[in-house]
Amino acid sequence: MNSDNQLGLATVLRSFLADYLPHQKEYSSNTVWSYRDSLKLLLRFVAGKSGRVSRVSLADLNATSITAFLNNLESKRGNGAATRNVRLSAIHSFFEYLGHQYPEHLEQSLRILSVPFKRTVRRTIDYLEADEFRAVLDQIDRSRPAGRRDYLLLAFMFNTGARVQEVVSLKTTDFRLVAPPTVKFLGKGHKERICPLWPETAQLLKQHFHDCGFDEHEPQLVFRNQRGAPLTRFGARLILKRQFQRAGQVQPTLQRKRLHPHSLRHSTAIYLLQAGIDLSTIAHYLGHTSLNTTHRYTTINLEAKRAALAKTKPIATKSAKQSGWHADEDLLRWLESL
C-alpha cells in the first residue's frame, strides 16, 4: 500500500461515484449510495486491522482480496448470497469502468470481472390479493390525520404501482386533480412518466391537500410525517409494515407473506394483468425499461393458475382402484426372445 497509487484510486472512485453513475448512467441517488456503501466495505476490509483506508491502492484490489472480502461477508457479517451478489455487482461495475477509462488496468479489471456470482434461491414474489388489500384499508383508523395519510399512501401506491422513492418525492405540482386526474413521476434514469388516477384516489388527494393547507400551484412535498417533515422512504416502509401487521390480525393469509413496500407494486401489476391489460401497457404504467421485468408477473399470477386448473379435470379420482401388476404374456415372450 502506498500513497502514490492511492491518488489514482481516489481519483477513479470520485469520478465513478460523482460523475459516471449519476450523470452518464443516470442512476438514482439510492443506487449510487448502494454502490458507495459496497465500495466502502471493500476498502475497510482490504485496509485490515489498521483501518487506514487512505493507504489502500488500486494494486491492493485484486481477485484474491475481493474473493476474501466476499467470503468475509458471509462468514463474519452473516450476509446471504443475495447480499454478496449485490456487493459484487457494485465491484464489477467499478472495475468495468476502470478498464474502459484506464486501459493500463484492463488486465486487472478482467480478472476481477471473472469473480463469479453465487447462485441464489429464487423466491416467489408475494403480493396482496384484492380481498387482502381491502382488509388492509378497512382496518385503518381514518378519524385521525395520521390514519387518513396512511390510507391515502396505500391507496395511491396501489393505484399507481409507483416505487416508494417516487412517491415520497412527489410535490403538489406533479398532480392534475381535475378530470382526467393524473400524476407525473420521475422514475429511474430520470425518465418521466404520467400515470392516470382513479377518481376516488383524486378525491382522497384533494381532501389531503385541503387538510394540509396545500396550494396545488405551489410545489410542496405531499407526504409528510407526524412532525410535518418530509416523509422518507424508510418512514413509508414503517407505515406500510405497521398497517400490514394490523391487517394480519383479521386476515390470517397476510401473516404468511413476506410483505414490504414493493409488494404493493407487485400487487398493482397482478391486478392489471388479471384485468386483461397487456404486458406492454403494464410496463409503461410501472416505468419498466425492459418488458422482461414485467413478464415475470405472468408466472406468479395465482388467479390465472386457478382459472387454468378449473378448466381441466383431475386424472386421479377417489373411486379409482389400484390394479395389481399382472404378467403380459406377449411382453414376456418378447423379452425372452431377446
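**Notes on the predicted model**

1. The buried residues of helix H12 (residues 279–286) are Ile282, Ala283, Tyr285 and Leu286. Because they cover an arc of only 160 degrees around the axis, they sit on the same side of H12; the arc is taken from the directions that run from the helix axis to the C-beta atoms. Buried here means under 20% relative accessible area, exposed means over 50%, and partly exposed lies in between, with a 1.4 Å probe and protein chains only. Helices (H or I, at least four residues) and strands (E, at least two) are DSSP runs, numbered from the N terminus.

2. This is a predicted model, in which local features need pLDDT of at least 70 and side-chain atom pairs count only at pLDDT 80 or more, whereas totals for chains, interfaces and linings use all residues. Residues are numbered from 1 along each chain as its sequence is written, and side-chain values use heavy atoms, with hydrogens and water left out.

3. The partners of the buried residues of H12 are helix H7 (145–160), strand E3 (192–196), helix H11 (261–274) and helix H13 (291–295), against which they pack; contact means heavy atoms within 4.5 Å. At the N-terminal end, H12 is capped by Asp278, a side-chain oxygen of which lies 3.2 Å from the backbone nitrogen of Ser280. After H12 comes Gly287, with a positive phi near 80 degrees.

4. Strand E3 contains Arg193, which counts as buried because its relative accessibility is 10%. Its side chain is joined to that of Glu166 by a polar contact of 2.8 Å, and a polar atom of the Arg193 side chain lies 3.2 Å from the backbone oxygen of Tyr285. A polar contact is a pair of N or O atoms within 3.5 Å; within protein, one must be able to donate a hydrogen and the other to accept it, and residues adjacent in sequence count only if both atoms are side-chain atoms. Leaving aside neighbours within four places in sequence, Arg193 has contacts that include Ala162, Arg163, Val183, Phe185, Arg265, His284 and Leu286.

5. Glu166 also forms a salt bridge with Arg163, where the closest N and O atoms are 2.5 Å apart; a salt bridge is a side-chain nitrogen of Lys or Arg within 4 Å of a carboxyl oxygen of Asp or Glu. Arg163 is buried, with a relative accessible area of 13%, and Glu166 counts as buried at 6% relative accessibility. Asp150 and Arg149 meet in a further salt bridge (2.8 Å, N to O), and both of these residues are buried.

6. A search of the whole structure finds 10 salt bridges. One of them pairs Lys257 with Glu132, the closest N and O atoms being 2.7 Å apart. This pair links distant parts of the chain, since Lys257 lies in the loop between helix H10 (233–248) and H11, while Glu132 lies in helix H6 (residues 130–138), 125 residues apart. Lys257 counts as partly exposed at 22% relative accessibility, whereas Glu132 counts as buried at 3%. Elsewhere, Glu74, Arg84 and Lys118 are linked in a network of salt bridges.

7. Which residues of H5 are buried? They are Gln108, Ser109 and Ile112, and, seen down the axis of H5, they fall within an arc of 100 degrees, so they line one face of the helix. What covers them includes helix H3 (63–75) and helix H4 (81–101). The face of H5 turned away from this buried side carries the exposed residues Glu107, Leu110 and Arg111.

8. Leu106, Leu110 and Leu113 form a nonpolar patch on the surface, with about 240 Å² of accessible area together. Patches are made of residues with over 30% relative accessible area and no salt bridge, like charges being joined within 9 Å and nonpolar side chains (Val, Leu, Ile, Met, Phe, Trp, Tyr) within 5 Å. Leu113 lies in helix H5 (residues 106–113) and counts as partly exposed at 30% relative accessibility.

9. For the protein as a whole, there are 15 helices and 3 strands, and 38% of its 338 residues count as buried. Its accessible surface comes to about 20700 Å², of which 53% belongs to carbon and sulfur atoms; accessible areas come from the Shrake-Rupley method with a 1.4 Å probe, and for residues only the protein chains shown count as cover.
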